[in-house]
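Please look through the following structure with me before reading the numbered points below.

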There are 2 protein chains.
Amino acid sequence: MDEEYASIVLENAVRELSRLPGVGRKTALRLALHILRRDESEGVALGEAIINLRKNIRYCKVCHNISESEVCAVCGSPVRDHRTVCVVENVRDVMSIENTGQYQGMYHVLGGVISPMDGIGPDQLEIESLVKRVADEGITEVILALASTMEGDTTNFYIYRKLGVFDSLKITQLARGMAVGNEIEYTDELTLGRSLLQRTLFSESFK
Amino acid sequence: MDEEYASIVLENAVRELSRLPGVGRKTALRLALHILRRDESEGVALGEAIINLRKNIRYCKVCHNISESEVCAVCGSPVRDHRTVCVVENVRDVMSIENTGQYQGMYHVLGGVISPMDGIGPDQLEIESLVKRVADEGITEVILALASTMEGDTTNFYIYRKLGVFDSLKITQLARGMAVGNEIEYTDELTLGRSLLQRTLFSESFK
């Protein structure tokens, strides 16, 4: 639309929406027109939810997970196991693990993985603070729960070396193997090989 | 994330974002975390732009295009041609035509096309108000600029019949033919046939 006849309010909304990842100008315009078609209350609720989100969410000073207070609900929980720390790349991984319902310990969010290609070194990640937590908080087990990629493995190994100074600390990592529901025929060779090498007692699966 | 450990503020933002078209819960979460990673000012600007959009945009009472005032900038323009009205389906079509820079007349936004399959009849569209405009505003030409689909053609024909009562009114439609830049070989038969039947004088293209 010509500058002269364009709506500045619409133009502004389209510009802000198109800053979102994966949203180009065409999609932003489609979103804006959708918001216009719906009830005023719905559009206002969306806008307010975004402002609220940005103003009221901060990062837990202990584990760096998102939080509404200085210390997050997990770190502040009196019923969870404070001696086990699960190291993850980002807050989405925390949510994925929470969704399994299988974990009752603490977290430590690194904020990324070591990736020289992207210029991310150990200093940009929350590794020093992890070492400090292990030294100070009486942690007995660190679970390395990073992606099964070269960067994830590198980071796992770096942390493993850093934590080597703590003699009695147990350092574990997520099991690598066949995904539940997968067929042998369609499992890649590396994974299948790992599954064979790290086979577990069948009787363990009934427990 | 378990209810107990989830952030209500985040949950709220994800729920509102996932109401947007094409945005599921996973995408909404990705957008919310993106907003969290950026500057606070950026997130607040997005939220405010959306609230502003919904509160300050209304529809022009003459042409039903979006507007920041009772009458839109096009309808209120003293330099544009008020005797030609281009009939379009929605506000995006207005923007597309404005972007060509080839049109200086008025618009009339129908708000859809006749589509019995979707339960949209002529009464739900701004057709009566178009007839009234033609009767009252001294309009000399109506350009039918609807999609080249069955629904678009049906609506074109319906409007054509409705406006048949105005003797001196010129009713035109967008030219149908080969898209600029297309090759003969890849143009569909229907379009190619139309292009042949409605061929234009070569000398006209220099004008």
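1. Is A:R38 buried or exposed, or does this residue lie in between? A:R38 has a relative accessible area of 36% and is therefore partly exposed, where buried means under 20%, exposed over 50% and partly exposed in between (1.4 Å probe, protein chains only). Its side chain meets that of A:E42 in a salt bridge, with N to O at 3.7 Å, the term standing for a side-chain nitrogen of Lys or Arg within 4 Å of a carboxyl oxygen of Asp or Glu.

2. This is a predicted model, in which local features need pLDDT of at least 70 and side-chain atom pairs count only at pLDDT 80 or more, while totals for chains, interfaces and linings use all residues. Residues are numbered from 1 along each chain as its sequence is written, chains are lettered from A, and side-chain values use heavy atoms, with hydrogens and water left out.

3. In chain B, the closest N and O atoms of the salt bridge between B:E98 and B:R80 are 2.8 Å apart, and both residues are buried.

4. A further salt bridge joins B:K162 to B:E128 (3.2 Å, N to O); B:K162 counts as partly exposed at 30% relative accessibility, whereas B:E128, at 53%, counts as exposed.

5. Over all chains, the search finds 21 salt bridges, yet across the interface of chain B and chain A the rule finds zero. The contact (heavy atoms within 4.5 Å) takes 58 residues from chain B and 58 residues from chain A.
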